[in-house]
Amino acid sequence: AVVSTQSTGVSGGFIWYVIPWSGEVIHNISLYDVHDRATIFLDSYPVGTIDRRNQANGTIDVGSRPAATAEIRVLVESLGRVNHGRYMGSDYKGITQKILVNGLPIHYAQVWVLGFTRKERLPKRISEKQPPVILPALF
């Protein structure tokens, strides 16, 4: 169920995990080895964030939400690459270990990769009234 962006042939961008859930009440959602920042949604509502810069593993307590049918969505953002040290070449992006719901491992998730590989394909901002877009940057 856990897929990194690299295993799909993309090295950066976002990876979107969608987990259908039915049955028992959802109390908590745990992510292990998040690279780099994950925002967790329950039925399209944000319930928490786990950020690698603070802690790569984390549990979001969602209270006691009834879940006759629910959809858990996790959006993981790649925040760049390690450019020195022992993690060069092994800095995989996404959730690289496991996802747990109520302490139970998730074995199935739909996965979409929103990769950014070519700056020519990025949209250009036309005016201040236009919604936010992703722009290329030069350093």
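In this predicted model, strand S3, covering residues 37-42, and strand S4, covering residues 45-51, pair in the antiparallel sense over 6 bridges. Within this pairing, Ile40 stands opposite Gly48 in S4. The two strands, S3 and S4, form a hairpin with 2 residues between them. In the turn of this hairpin, Asp43 has a positive phi of about 50°.

Strand S3 also pairs with strand S6: the two run antiparallel and are joined by 6 bridges. Here Ala38 has Val76 in S6 as its bridge partner. In general, the strands of a sheet pair through backbone hydrogen bonds, in either a parallel or an antiparallel arrangement.

A further part of the fold is an open sheet of 4 strands, with the order S5-S2-S7-S8 and antiparallel pairing. Strand S5 (58-65) and strand S8 (104-105) stand at its edges; each has a single partner strand, so one side of each is left without a neighbour in the sheet. Within the sheet, strand S2, residues 26-35, pairs with strand S7, residues 94-101, in the antiparallel sense over 6 bridges. Ser30 stands opposite Leu100 in S7.

The loop between strand S6 (69-77) and S7 contains Asp91. Is this residue, Asp91, buried or exposed? Its relative accessible area is 7%, and the limit for a buried residue is under 20%; Asp91 is therefore buried. Although Asp91 and Arg81 are 10 residues apart along the chain, their C-alpha atoms are separated by 6.9 Å.

How values were computed. Residues numbered from 1 in each chain as written. Predicted model: local features only at pLDDT ≥ 70, side-chain atom pairs only at ≥ 80, totals over all residues. Heavy atoms only, no water. Pairing = 2+ DSSP bridges. Buried < 20%, exposed > 50% of the residue type's maximum accessible area, 1.4 Å probe, protein only.
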